[in-house]
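This report covers one chain. It takes the fold, then the helix, the core and the disulfide.

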Amino acid sequence: MASICQGKSSWPELLGVDGKCAVETIERENSLVEAIIVPEGSSVPENFACNRVWVWVDKDGIVYLVPVIG
């Protein structure tokens, strides 16, 4: 399925990386998005947005889900 969003849309290589480093990488690789750290167990709006990437981190601040645009 083709993405309707511009630029890189998924960062599987960031699994296991520090969340703050992941945010920097995502925003450097796609300047059209804002990467937002989300602690495990938090809730987020369910609407889709091409300018947003949720960066899900565990209690140690490590990315545990593949960051994707949405």
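The chain has one helix and two strands. Helices (H or I, at least four residues) and strands (E, at least two) are DSSP runs, numbered from the N terminus. In sequence order the pattern reads α-β-β. The radius of gyration is 11 Å, close to the 11 Å of the globule rule for 70 residues, so the chain is as compact as a globular protein of that length. That radius is taken over C-alpha atoms, and the rule is 2.2 Å times the number of residues to the power 0.38.

This is a predicted model: local features need pLDDT of at least 70, side-chain atom pairs count only at pLDDT 80 or more, and totals for chains, interfaces and linings use all residues. Residues are numbered from 1 along each chain as its sequence is written, and side-chain values use heavy atoms, with hydrogens and water left out.

Along the principal axes, the C-alpha atoms fill a box of roughly 35 × 25 × 20 Å. Of the 70 residues, 34% count as buried. Buried means under 20% relative accessible area, exposed over 50%, and partly exposed in between (1.4 Å probe, protein chains only). Contact means heavy atoms within 4.5 Å. Among contacts between residues at least 6 apart in sequence, 39% join residues at least 24 apart.

**The helix**

Helix α1 buries Gly19, Ala22, Val23, Thr25 and Ile26. Seen down the axis of α1, these residues fall within an arc of 165 degrees, so they line one face of the helix. The arc is that of the directions from the helix axis to the C-beta atoms. The buried residues of α1 pack against β1 and β2. On the other side of α1, Lys20, Glu24 and Arg28 are exposed. At the start of α1, a side-chain oxygen of Asp18 comes within 3.1 Å of the backbone nitrogen of Lys20.

**The core**

The largest nonpolar core has 13 residues. Such a core is a set of buried Ala, Val, Leu, Ile, Met, Phe, Trp, Tyr and Cys residues joined through side-chain atoms within 4.5 Å. Trp11, Ile26, Ala35, Val53, Val55 and Ile69 have the most contacts inside it. Helix α1 and strand β2 each supply at least two residues of this core. Beyond four places in sequence, Trp11 touches Ile26, Glu29, Asn30, Val53, Val66, Pro67 and Ile69.

**Strand β1**

Glu34 is found in β1. Leaving aside neighbours within four places in sequence, Glu34 contacts Glu27, Asn51, Arg52 and Val53. Glu13 is 21 residues from Glu34 in sequence and 18 Å away in space, C-alpha to C-alpha.

**The disulfide**

There is one disulfide (a pair of cysteine sulfur atoms within 2.5 Å). Cys5 is joined to Cys50, with S to S at 2.1 Å. Cys5 lies in the segment before α1 (19–29) and Cys50 in the loop between β1 (34–39) and β2 (52–57), so the pair ties together parts that are 45 residues apart in sequence. What is the handedness of the disulfide of Cys5 and Cys50? The torsion about the S-S bond is about -75 degrees, so the disulfide is left-handed.

The table gives the accessibility of selected residues.

| Residue | State | Relative accessible area |
|---|---|---|
| Cys5 | buried | 8% |
| Cys50 | partly exposed | 30% |
| Cys21 | partly exposed | 39% |
| Glu34 | partly exposed | 49% |

Notes:
Polar contact = N/O pair within 3.5 Å; in protein donor to acceptor, adjacent residues only side chain to side chain.
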